[in-house]
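Biologist: I am new to this structure and would like to learn how to read its features one at a time. Could we begin with the charged side chains, and then turn to the ligands and the backbone?

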Amino acid sequence: MRVMAQVAMVMNLDKCIGCHTCSVTCKQAWTNRAGTEYVWFNNVETRPGQGYPRRYEDQEKWKGGWVRTATGGLRLRSGGRFQKLLSIFASPVQPKLDDYYEPWTYDYENLVSAPLSDDFPVARPKSLITGEDTKIEWSANWDDSLGGTAETLANDPILQKLRKDSAEQIKLEYEKSFMFFLPRICEHCLNPSCMAACPSGAIYKRAEDGIVLVDQDKCRGWRQCITGCPYKKMYFNHRSGKAEKCHFCYPRIEVGLPTVCSETCVGRLRYIGIILYDADAVTKAAAVKDEQKLYEAQLDIMLDPHDPEVIAAAKLGDIPDEWIEAAQKSPVYALIKHFKVALPLHPEYRTMPMVWYIPPLSPVVDLLREQGHDAEAPGNLFGAIDALRIPVEYLAELFTAGDADIVTLVLQKLAAMRSYMRGVTLRNERDESLAEAVGMTGKAMEQMYRLLAIAKYDERYVIPPAHRDQAHNLEEMGCSLEEEGGPGMGGSGPFGEASGGPVPVAIESFNALRDRATADTAASSESLRDRTGDTNWDGN
Amino acid sequence: MDVFLWGVLPYLTAAIFFGGLWYRYRYDQFGWTTRSSQLYESKILRIASPMFHYALFVVLGGHLVGLFIPKNWTDAVGISQEMYHLTALSLGMVAGVATLLGIGMLIYRRRTTGPVFMATTKNDKAMYLVLVGALVLGMWATLTGDHTATGEHHNYRETVSVWFRSLFIFQPKIAAMAASTIQFKIHILVAFLLFASMPFTRLVHAFTVPLHFFFRPYMIYRSRPKSVESTHTHGRGWDKIGTPDRQKKGDDVYKP
Ligand code: SF4
Ligand code: SF4
């Protein structure tokens, strides 16, 4: 047993309102440069829908992830090492810009500089790639909230699969009657195929926290990782010629702050915590024969942080005590392994993803309500989950490689929690039978309710700072301005005379925000001077 | 003149070549990339790029054989000059034509696909010129360089190759090279230029052919560096924030 720590995330899909705040704040923070206009480290897709890039789930076409070999090993779907090197001069299955979209801006200047005339001036869309006038035909969320899906819905790879599997024709009308949002970031997989596909070895997993990063100095732009990642969360910066990806906001995580997408999430539906896992068991677990057993296999390699044996092994593996404590308090561990309500996205890709999802009950509830039923009455909901085959099977294709029973059980747990808590609030009665029906206790129901519904900030995010003896160094990434003789050292700073050295962004946000939030008076403009960005805008 | 061209210039080129590579490796790893344009266009690229690269390998192999294997070795194993020449010429021609065809298609694509052309820097254009120049001149030398201007027979394996090998023991046989034909001389001078400029163009990617891919484990774990001193090589970095809008017609085209 080799214990390693992994920073992981769980998203509670019931709460996502599809506002894209997470995508926008992430973009402003990380992909705001030329070459990354089309890059969305965080994107929110409407399901059913094609996703971003279009139809990325169709691995027959895109060749992402791993496949199990006849001998029980794992092989990249895109081919072995030899094949990869041979095809290095033109990546055979890299998505083109068309599969993403052509980013654009508007010619706003024309609005003010157009000569006087009878017609109103317009701001015409201009391609950010060619600079020419462009016709906007697609974007990262063109089919948002099922917009235009009469045309495109049939392209959803999951629906196609479901339709192929079922002898009878599922009517499109029926499919349209449910919808939910799926926010996606890089999965920071335990068995990442992006990393395996990289010829240069530029992609690595950080030993301390499992965050998967691309060494920008070592990447040579061979583009194999883009094919390798089944979630298509590896992007090519077409200006710098290097691969870029979501890095789990590691500068923030290192000082104990949640990622930007989590911090700004309107629905407060993201949870971040530590998971201890057995690194030696990963490959074997990822090679389990039955795809539907991969979920179980991944659960098995996640270790119980209260188990003395695990703790001893973790200490042996140099995992600091603080981290072990954090793993014990981890909301992510609770949702994934204790309550077993969170599920991995597409476990059948065999990359062992570490961003998990609590499947949404709302499609079922909404349908019930539309039909005039009391959606919170236990009998109704339970029956509906069984009866509403399509949403459940759809979710199963996303989260359990098609095993509808697992999804049903999770949805039943969520339904039972609703009914149970309704009893508590309305009649102050605790109906243990509801909890028992889904194999839980009333107490566990209330704990789960607290975590899912109350969702306090410090219960959602349990992030230990990077190890103490290094922490003083980690306030921000090494900044070349701070070097001896650099422009930041005395004299006039980069922001003008007397602006002092640059304040590390993460520290500024965290401390300044707390100070401002707890102050009795409005903040002075002086104290706001170093504020960067508006992701922590608080009214001041 | 001959002393400078064939006695000094080769070492100067080598110095720039190796010094440049070292410098770039040390200070500008971020710029060390293929800067692929496959995202913009992939149909032509998928045929042209492998064709060019693979043919180039053959060309490279041909050069190595021609330059490093002394004539008396092949004589000793009984390969006659005619046989050698015929194989070299036919193989070389096929590879040469394929290389030129490949790079021709790549340049066509570069010129006609808007985004690809926009992503082409001045540096790239100069590089293409030198590269194509070296290729075309090389073909020219192979086809016509076996007779001197006065009609005498000329075998580069007795001139160029002898000189080339002598460079490595630092006793350049300048006379041998000087006896070669003008075609070879020009080809070699352009090749000097190509090699001297290589570290400073996108061609550097050739020096990091990822052969270690065969030997490394699939999974890579790395510890966070212990100090704030980052591993970044302090050369260039990402572009500034924001994508500058392209200028209106008549203004200069936006340059990153
Ligand atoms: S989801 Fe992230 S870690 Fe997993 S394969 Fe894709 S890029 Fe790599
Ligand atoms: S910010 Fe939160 S609620 Fe809004 S789209 Fe993102 S995940 Fe959903």
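**Charged pairs in the interior**

Modeller: A:Glu45 has a relative accessible area of 3% and is therefore buried, where buried means under 20%, exposed over 50% and partly exposed in between, with a 1.4 Å probe and protein chains only. Please keep in mind that this is a predicted model, in which local features need pLDDT of at least 70 and side-chain atom pairs count only at 80 or more, while totals for chains, interfaces and linings use all residues. Residues are numbered from 1 along each chain as written, chains are lettered from A and ligands numbered from 1 in the order written, and side-chain values use heavy atoms, without hydrogens or water.

Biologist: With which side chain does A:Glu45 meet in a salt bridge?

Modeller: A salt bridge is a side-chain nitrogen of Lys or Arg within 4 Å of a carboxyl oxygen of Asp or Glu. The partner of A:Glu45 is A:Arg47, at 3.3 Å from N to O, and A:Arg47 is buried as well, with a relative accessible area of 0%. A:Arg47 also forms a salt bridge with A:Glu57, with the closest N and O atoms 2.7 Å apart. A:Arg47 belongs to strand 2 (residues 43–47) of chain A and A:Glu57 to the loop between strand 2 and helix 2 (59–62), so this pair ties together parts that are 10 residues apart in sequence. Helices (H or I, at least four residues) and strands (E, at least two) are DSSP runs, numbered from the N terminus. A:Glu57 is buried too, at 8%, and A:Glu45, A:Arg47 and A:Glu57 are linked with A:Asp156 and A:Arg184 in a network of salt bridges.

Biologist: How many salt bridges does the structure hold over all chains, and where in chain B do B:Glu41 and B:Arg109 lie?

Modeller: The total over all chains is 27. The side chains of B:Glu41 and B:Arg109 meet in a salt bridge at 2.6 Å, N to O. This pair links distant parts of the chain, with B:Glu41 in the loop between helix 1 (2–27) and helix 2 and B:Arg109 in helix 4 (residues 81–112), 68 residues apart. B:Glu41 is buried at 12%, and B:Arg109 is buried at 2%.

Biologist: Which residues does the UniProt entry list for "binding site"?

Modeller: The unreviewed UniProt entry lists B:His53, B:His63 and B:His205; such positions are given in the numbering used here, feature names are shortened, and annotations may be inferred rather than shown by experiment. B:His53 lies in helix 2 (residues 43–68) of chain B and is buried at 17% relative accessibility. Leaving aside neighbours within four places in sequence, B:His53 is in contact (heavy atoms within 4.5 Å) with A:Phe89 and B:His205.

Biologist: Is B:His63 buried or exposed, or in between?

Modeller: B:His63, which also lies in helix 2 of chain B, is partly exposed, with a relative accessible area of 39%. Not counting residues up to four places away in sequence, B:His63 touches B:Phe68 and B:His187.

Biologist: Which residues are around ligand 1?

Modeller: A residue is taken as near a molecule if one of its heavy atoms lies within 4 Å of it. Around ligand 1 they include A:Cys186, A:His188, A:Cys189, A:Cys194 and A:Cys229. The shell divides into seven nonpolar, two polar and two charged residues; Ala, Val, Leu, Ile, Met, Phe, Trp, Tyr, Cys and Pro count as nonpolar, Asp, Glu, Lys and Arg as charged, and the others, Gly among them, as polar. Ligand 2 has 14 residues around it, of which A:Cys16, A:Cys19, A:His20, A:Cys22 and A:Cys265 come nearest, and its shell has nine nonpolar, four polar and one charged residues.

Biologist: What kind of peptide bond joins A:Arg47 and A:Pro48?

Modeller: The bond between A:Arg47 and A:Pro48 is cis, with omega about -5 degrees, and A:Pro48 is found in the loop between strand 2 and helix 2 of chain A. A cis peptide bond also joins A:Tyr52 and A:Pro53, with omega about -10 degrees, and A:Pro53 has its place in the loop between strand 2 and helix 2 of chain A.

Biologist: What is the phi of A:His188?

Modeller: Phi of A:His188 is near 45 degrees, a positive value in a residue other than glycine, and A:His188 is buried at 0%. A:Arg223 likewise has a positive phi, near 70 degrees, and counts as buried at 5% relative accessibility.
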